[in-house]
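Reader: I've got the sequence and the model open side by side. Could you walk me through some spots in it?

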Amino acid sequence: MQTKYISLLFTFVFASSALFAQIDRTKAPESGPAPKIQIGEYKSFELKNGLKVYVVENHKIPRTTFSLMFDNDPIMENDKAGYVSMTGQLLRNGTTSRTKAELDEEIDFIGASLSASSSSVYASSLTKHTDKLLQLMTDVLFHPAFPEDELEKIRKQTLSGLAASKENPNAIASNVSDIMAYGKNHPYGELTTEETVKNVTVEDIKGYYSKYFKPNVAYLAVVGDISFKDAKKLVKKYFSDWERGEITQPTYDSPSAPESTYIALVDRPSSVQSVINITYPVELQPGSPDVIKSRVMNEILGGGFSSRLMQNLREDKAFTYGARSSISSDDLIGTFTASASVRNDVTDSAVYEFLYELKKMRDENVEQGELDAAKASIIGSFARSLEEPSTIARFAINSAIYKLPEDYYQNYLKNVSATSLADVKAMADKYILPDHSNIVIVGKASDIADKLTTFGEVKYFDIYGEEYEPAVASIPEGLTAEKVIDKYIQVIGGEEAVNKVNTLITNMSADMGGRSLSLKSVKKVPGKMVMEISMGGNVVSKQMINGDQASVSQMGNNLPVDDNTKEQLKMSAYPFVELKYDELGVKTELKSVEKVEGKDAYAIEVVYPSGTKSTEYYDTKTGFKVRESKTVNTPQGEMVVSTDFTDYKEVSGIYFPHTIIQPMGPMKLNIKTDSIEVNPKVGDDTFK
């Protein structure tokens with residue numbers, strides 16, 4: 001037995017040696033054949049009005065989905081930017097025969113979903129409810145009421161989102177990057193602002209709907225547990241009377257990459273991180289042979305976790321949680337983008353590494369192993385997408401819209417596998433432009449600006465992409481944090497009046513996405529405070545401090561209170577804690593003059609006994625406190641949360657801010673003061 005084993009082993013070794021001897025190691029091994037895929041079948045037909053319909057049968061689940069998409073090019077919205085998006089939102093908010101509430105009730109009754117946007121209408125339900133579903137879907141599509149009151153709700157929500165985005169560095173970077181890449185005279189570079197949203201009328205929305213919601217530019221995908229015969233019958237029943245209309249699609253000049261790379265810096269003084277976006281437009285049409293090849297190239301550069309950018313900036317340098325790049329095709333104009341959020345102190349180093357990787361990708365050949373890994377990742381992602389029946393319909397519609405070859409998706413993996421090292425190099429030469437890039441950085445200019453000049457000219461832009469020359473404001477000689485705070489105390493009423501405040505009750509209210517919040521704060525010297533937030537008459541959050549006793553609850557559940565939370569509650573218990581900084585061991589330092597909502601403000605760093613820091617901003621002219629910023633830890637890293645104080649009004653001889661703008665997730669919460677009582681009677685039982 002042992003002899004047979006040894007003999008077999010020698011035979012294997014010899015055979016293996018002979019095999020390896022035949023391999024020419026001077027040549028890279030050829031890629032294996034592309035895996036064969038079976039893209040499910042679809043059937044299609046077209047109504048006389050021009051509506052193109054694609055049906056994909058899938059009887060595994062008794063559910064059917066109808067997805068309607070409009071192939072309209074974007075338009076310039078000018079001083080009413082935002083109305084196209086609002087058209088889609090309002091479409092779903094009531095018809096001429098059903099209010100929004102009635103529509104919601106009927107949809108819920110059959111367990112369906114129905115949504116709309118400016119370019120699509122989507123509906124899905126159990127197959128047995130298909131007829132009812134199409135009644136509701138076509139009522140929304142053909143008979144929208146565009147009610148004025150619903151428009152006002154959408155306007156309010158949109159304004160709230162825009163207010164929040166003004167403090168979101170990623171949103172700012174995205175907006176400014178779009179302007180840099182496309183220009184303000186291109187729809188991709190047009191910004192929706194609070195001013196443009198306020199200009200939108202129902203007539204604007206009705207005008208867009210009547211002009212662009214036409215069947216001859218529409219594609220309907222029917223996917224699910226339905227036969228082609230039944231689908232055709234239903235579509236004819238509900239969509240045949242839809243009248244076609246002639247639409248002249250707008251044309252635009254194609255933007256181009258900048259002549260030379262420069263830094264577009266958006267100064268955000270409160271930032272502890274910099275958002276870096278490297279971007280420029282590229283001429284890359286859908287269906288072009290370059291689309292697949294450039295995707296393979298980008299997968300190596302920054303498309304996934306194992307990409308060069310991720311491995312360099314995250315794994316090797318630990319600059320960021322993630323660094324990625326993308327290259328996208330578009331029938332108007334494509335774009336290349338590389339981005340990351342990094343610490344202030346490594347901003348210039350991160351830009352260097354980005355440009356290093358871009359130049360390396362362009363100037364050097366990639367390794368065969370990188371190419372093989374990129375192909376495998378793309379092939380896996382593509383194969384997984386085929387598990388969804390809707391993918392088949394999407395492929396069919398894309399082929400029709402972009403006039404792709406009939407076998408484009410059938411041969412997709414074959415073309416991915418055929419991408420060679422030479423193809424990757426050619427794509428990098430053509431589309432990677434480190435010397436012609438817009439480098440948009442949103443961060444604290446005083447910390448990063450000087451170090452960025454090595455990469456090109458540094459130009460300053462505001463959050464709307466308007467270039468400006470920064471005014472260098474300096475701290476007046478002899479001015480200290482103590483003097484700034486003393487002035488604040490004087491302008492709000494004076495130290496004598498402020499010191500007489502022993503109890504304070506403040507009632508506030510806010511609207512959160514259509515829901516009303518009530519906030520009540522009761523403070524009593526020394527060291528007592530309770531704050532309750534209510535919704536619909538129910539207390540949803542409560543914070544209390546009474547000396548060393550502190551509690552925090554949400555929805556009736558008590559939460560743990562750590563030392564930092566207790567410290568902040570103690571500080572909040574004082575009606576005017578600024579007067580107590582010395583007594584409480586709080587250190588202050590006047591750091592700089594910075595912009596808050598376009599106005600100069602003194603930035604004072606406040607360090608609490610625990611070491612926790614915040615920055616308080618005092619208007620240089622009025623003396624009022626206008627903002628407080630704190631750094632909080634999140635799963636995505638450190639973030640700065642800023643609370644703004646505006647609309648100061650006098651109550652009992654003291655000026656209080658009557659509007660407080662507080663971040664609330666992706667929104668900004670505008671908290672309005674309803675009433676303030678100075679020195680009312682407050683019993684100690686209030687704080688139990």
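Reader: Let's start with alanine 163: which helix does it lie in?

Author: A word on the ground rules: this is a predicted model, where local features need pLDDT of at least 70 and side-chain atom pairs count only at pLDDT 80 or more, while totals for chains, interfaces and linings use all residues. Residues are numbered from 1 along each chain as its sequence is written, and side-chain values use heavy atoms, with hydrogens and water left out. Helices (H or I, at least four residues) and strands (E, at least two) are DSSP runs, numbered from the N terminus. Alanine 163 falls within residues 148–165, and that run is helix H5.

Reader: Is alanine 163 buried or exposed?

Author: Buried means under 20% relative accessible area, exposed means over 50%, and partly exposed is in between (1.4 Å probe, protein chains only). Alanine 163 has 18% relative accessibility, so the label is buried.

Reader: Which residues is alanine 163 in contact with, leaving aside neighbours within four places in sequence?

Author: Contact here means heavy atoms within 4.5 Å. With the neighbours within four places in sequence set aside, alanine 163 is in contact with Glu194 and Lys668.

Reader: Then what does the side chain of glutamate 194 make a polar contact with?

Author: Glutamate 194 is in helix H7, residues 194–198, and at 16% relative accessibility it counts as buried. A polar contact is a pair of N or O atoms within 3.5 Å; within protein, one must be able to donate a hydrogen and the other to accept it, and residues adjacent in sequence count only if both atoms are side-chain atoms. At 3.4 Å, the side-chain partner of glutamate 194 is lysine 166.

Reader: What phi does glycine 50 take in the hairpin of E1 and E2?

Author: That hairpin has five residues between the strands. Glycine 50 takes a positive phi, with a value near 100°.

Reader: Where is asparagine 78, and what is its phi?

Author: Asparagine 78 is in the loop between strand E3 (63–70) and helix H2 (83–91). With a relative accessible area of 51%, asparagine 78 is exposed. Its phi is positive, in a residue other than glycine, and the value is near 55°.

Reader: What about aspartate 647: how does its relative accessible area come out?

Author: Aspartate 647 lies in strand E24, residues 637–651. It has a positive phi of about 55° although it is not a glycine. Aspartate 647 is partly exposed, with a relative accessible area of 36%.

Reader: Which peptide bond is cis?

Author: Look in the loop between strand E15 (515–524) and strand E16 (528–535), where proline 526 lies. Omega is near 5° for the cis bond from valine 525 to proline 526.

Reader: In the open sheet of seven strands, which strands stand at the edges, and why is one side of each left without a neighbour?

Author: The order is E9-E10-E8-E11-E7-E12-E13, with mixed pairing.

Reader: Last one: how many residues are in the largest nonpolar core?

Author: A nonpolar core is a set of buried Ala, Val, Leu, Ile, Met, Phe, Trp, Tyr and Cys residues joined through side-chain atoms within 4.5 Å. Among the members that touch the most others are Leu265, Phe336 and Ile441. The count for this largest core is 67 residues.

Notes: Two strands pair if DSSP finds at least two bridges between them.
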